[in-house]
Amino acid sequence: RIASVAFSCAVCVLALCSLAVLEHASATHCEQPRNHQERFNDLHLSTSVSQHCPSASGQKKITPVSSHQNSQHTYSVNSMDASAAQDLPAAPAEEAKKHNLPNPVIPLSGDDWEHVYEPAEDTFLFMDALQAELPDLRDSQPRIVLELGCGSGCVTAFLASHLKGAAFFASDINPHALQAAGKVFAANNVDVNLVGADLLSAWRAHGSIDVLLFNPPYVPTPSEEISSSWIARAWAGGARGREVVDRLFLHFHRYMAPGGRLYLVALDSNDPHEIAQLMAAKGFRTKVVKKRRAGIEFLLILKIWKPLPAPTPTSP
């Protein structure tokens, strides 16, 4: 009898332990991503489907971090500026509010994100970089600012809210993105001209763009994945994640105004060193404005510009 009772107690203990383990596993279990957008934000590099843990609301959790710290990251590429800001862990919310400009209002719903890229880590890093560049941008007094692949329009809405005096344009090949961006621009009371186009195909005026913004599809994927759907066009970058942006590199310099600059989102795996070398061959300099870890990868914001020639000294 004692043995039987002991055995029963042991079974109960094992059952309770098993239940606790199952409850813990259930709490931490990651469901398969529901769409390409979730896959994109968790993956950043691999083309295999990763797992994603949705937030309590059922949407993926996005944390806009903006710390602007002074830690340095160094590249050993001659054509690249030596120093680049690298973000540290997020500052307390109260401290962040003192330094960060507000994010734009985004009046979009779940249905909009089915075909349009939802703002994520790269979007917020892009806005952080543009905030850091605002003093220089204001000093340069740009006349024309163009964002390629604007998606929701979040980045252009942010910059247009804080950089006055320029004419803003936002283009995308995705008609759903143009519709969504129009809502975002209206909600933020910014005047932006929308253009349906692939990269610079609709732009005719050479030497006219002062600021060019591009968060390209940079995830390495099979080439055929690029055009597999509207949402795939936002993240599928083909071989090395460079197929789309390499098309831009062929001719963008013709459209840049003297002293104009391109701000570009990239991954370490996109080979920013090679990008800097390609730009140097065209007479452009490349600098890492912001760098932040995203999962197993690093996101970069590159600033690519051609310095104005030094003024010719006048004879006495």
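Reply: A residue is termed buried when its relative accessible area is under 20%. The model discussed here is a predicted one.

Me: Is cysteine 150 buried or exposed?
Reply: The relative accessible area of cysteine 150 is 5%. The limit for burial is under 20%. Cysteine 150 is therefore classed as buried.

Me: What is the relative accessible area of cysteine 154, and how many disulfides does the structure hold?
Reply: Cysteine 154 is buried, with a relative accessible area of 1%. A disulfide would require two cysteine sulfur atoms within 2.5 Å. The number of disulfides in the structure is zero.

Me: Why is helix H5 described as largely enclosed by the rest of the structure?
Reply: Helix H5 covers residues 154-162. Its buried residues are Cys154, Val155, Thr156, Ala157, Phe158, Leu159, Ala160 and His162.

Me: How many residues of E6 are buried?
Reply: Strand E6 is largely enclosed by the rest of the structure. This follows from its count of buried residues, which is six of the six.

Me: Which residue in E7 is the bridge partner of leucine 213?
Reply: E6 runs parallel to E3, and four bridges join them. On that side, leucine 146 has leucine 212 in E6 as its bridge partner. E6 also pairs in the parallel sense with strand E7 (residues 256-267), over five bridges. In E7, the partner of leucine 213 is tyrosine 263.

Me: Which residues that line the largest pocket are the closest to its centre?
Reply: The largest pocket has a volume of about 500 Å³. Of the 33 residues in its lining, the closest to the centre are Gly149, Asp172, Pro217, Arg233 and Ala234.

Me: How many residues of the lining of the largest pocket are nonpolar?
Reply: H4, E3, H5, E4 and helix H7 (243-249) each supply at least two residues of this lining. By class, the lining has six charged and eight polar residues, while the nonpolar ones number 19.

Me: What percentage of the residues of the protein chain count as buried?
Reply: The protein chain contains eight helices and nine strands. Of its 316 residues, the share that count as buried is 46%.

Key. Residues are numbered from 1 along each chain as its sequence is written. This is a predicted model: local features need pLDDT of at least 70, side-chain atom pairs count only at pLDDT 80 or more; totals for chains, interfaces and linings use all residues. Side-chain values use heavy atoms; hydrogens and water are left out. Buried means under 20% relative accessible area, exposed over 50%, partly exposed in between (1.4 Å probe, protein chains only). On a 1 Å grid over the protein atoms alone, a cavity is a set of points where a 1.4 Å probe fits but cannot get out, and a pocket is an open set with protein on both sides within 12 Å along at least five of seven lines; lining residues have an atom within 4 Å of a point. Grid points are joined across faces, edges and corners, and a volume is the space filled by probe spheres set on the points. Ala, Val, Leu, Ile, Met, Phe, Trp, Tyr, Cys and Pro count as nonpolar, Asp, Glu, Lys and Arg as charged, and the others, Gly among them, as polar. Two strands pair if DSSP finds at least two bridges between them.
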